[in-house]
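Hi,

Here is the structure I promised to pass on to you. Have a look at it first, and then read my notes below.

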Amino acid sequence: TPAAPHSASGEAVRTFDLSAVAPPARPARRWTPRRVVATPAAYDHPHGRRIMALAEARGIEVERLRANRLTGVRGETDRETYARAKSTMAIVVSPPARRTLQPIAPSADWRFDLAEGCPAHCQYCYLAGSLSGPPVTRVYADLDDILAGLAAYEGRGTITSRRAARRDEGTTFEASCYTDPLALEHLTGSWRRAVEHFGAWDAPVQLRWTTKFDDVGTFVGLPHARRTRVRLSVNCAPVSDRMEGGTSRVADRLAALRKLALDGYPVGLTIAPIMPVEGWRTHYGLLLDQVAAAVEGVPELDLTAELITHRFTPGSKEVLLGWYPRTKLEMDEESRSRKHGKFGAVKYVYPAGTMAELRGWFEAEIAARLPSCRILYWT
Ligand code: SF4
């Protein structure tokens with residue numbers, strides 16, 4: 001009989017009944033926007049018209065804007081603007097600047113966008129520091145052009161060519177920098193088409209995206225050719241229960257990860273943002289055990305982990321405090337280290353001692369509890 005699994009510190013790893021990870025099927029969480037608008041330019045694209053048809057089939061009226069500019073999302077107060085923007089979906093053509101891809105280390109060689117914005121309400125949301133203006137969800141009508149434009153970047157990656165551990169991935173393309181794909185897939189079908197595009201692309205390439213939703217049913221059975229790695233963004237219970245409003249439960253995300261892995265997709269964990277909350281070793285240990293139960297018995301499992309600690313910038317803090325004035329999220333400059341990011345921008349990260357402690361723990365515990373999992377990076 002094989003020995004019971006042990007954590008790096010030697011204690012027996014708590015094993016979970018799989019039914020706790022994959023509870024009885026319940027409908028996946030699906031967002032219904034209160035208002036859907038489309039710009040005139042979106043009508044020129046077949047995919048734009050497909051998205052409109054999808055909305056109408058769900059009984060949502062699509063409002064045709066007179067110009068290619070979004071109007072009517074500002075309310076009387078910041079709260080009202082936030083609420084209106086978060087419940088609006090706009091079908092638009094992607095800004096021309098987005099068609100020149102940017103490198104996106106350490107996640108992937110290149111970033112491309114099929115949408116911008118997300119209907120969920122995470123109190124630490126990454127979009128707060130990246131997007132300007134009211135947080136409307138914009139979905140892109142020019143999908144066919146966006147996908148066709150990727151071919152020019154094949155073989156030009158820097159991450160996958162330099163890092164031996166990732167060479168088998170080919171040129172990597174990240175499609176979730178400014179949005180959450182599974183929050184929007186039922187309204188757009190965009191990521192399904194991207195999976196098929198990469199599946200038919202006979203070259204060493206990989207599509208990547210990460211999500212906090214669980215609506216994966218329509219991805220099962222697609223001809224993905226193992227060229228799409230879906231990562232489920234997960235966190236320990238004190239963080240996910242209190243700070244990830246409007247997302248799917250972690251147990252449901254892990255059940256989704258299992259479904260994709262069983263369908264032959266390479267899968268992954270984005271453990272983010274890692275926070276040294278009280279009792280973090282216990283809480284993150286339970287999370288890793290839940291993951292272990294979720295992937296148990298999956299044949300040819302290809303599982304990776306990306307480990308991202310919490311950080312904030314003066315700009316993201318200001319936006320987040322506007323969105324979530326009563327947040328309990330710790331954003332105390334005094335207890336953090338100042339770092340200079342790209343273009344000299346200041347960001348606040350955990351001090352070196354805390355970082356080393358967290359990193360050492362995650363590396364040891366992932367090796368012990370999820371031995372087949374490859375860690376792609378820590379940041
Ligand atoms: Fe932001 Fe991601 Fe949460 Fe959406 S799911 S609100 S993009 S952190």
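**What surrounds the ligand**

The residues around the ligand are Cys-118, Ala-120, His-121, Cys-122, Cys-125, Tyr-126, Leu-127, Asp-180, Lys-212 and Thr-247; a residue counts as near a molecule if its C-beta atom, placed from the backbone, lies within 6 Å of it. This shell has 6 nonpolar, 2 polar and 2 charged residues, where Ala, Val, Leu, Ile, Met, Phe, Trp, Tyr, Cys and Pro count as nonpolar, Asp, Glu, Lys and Arg as charged, and the others, Gly among them, as polar.

Please keep in mind that this is a predicted model, in which local features need pLDDT of at least 70, side-chain atom pairs count only at pLDDT 80 or more, and totals for chains, interfaces and linings use all residues. Residues are numbered from 1 along each chain as its sequence is written.

**Strand E8**

Strand E3 (residues 88-92) runs parallel to E8, joined by 4 bridges (strands pair if DSSP finds at least two), and Val-92 has Tyr-140 as its bridge partner.

**The core**

Tyr-140 returns here: with Leu-260 and Val-291, Tyr-140 touches the most other members of the 87-residue largest nonpolar core, a set of buried Ala, Val, Leu, Ile, Met, Phe, Trp, Tyr and Cys residues joined through C-beta atoms within 7 Å. Helix H10 (residues 280-295) gives the largest share, 8 residues.

Happy exploring!

Definitions and conventions
A residue is buried if 20 or more other C-beta atoms lie within 10 Å of its own, exposed if 12 or fewer, and partly exposed in between; C-beta atoms are placed from the backbone. Helices (H or I, at least four residues) and strands (E, at least two) are DSSP runs, numbered from the N terminus.
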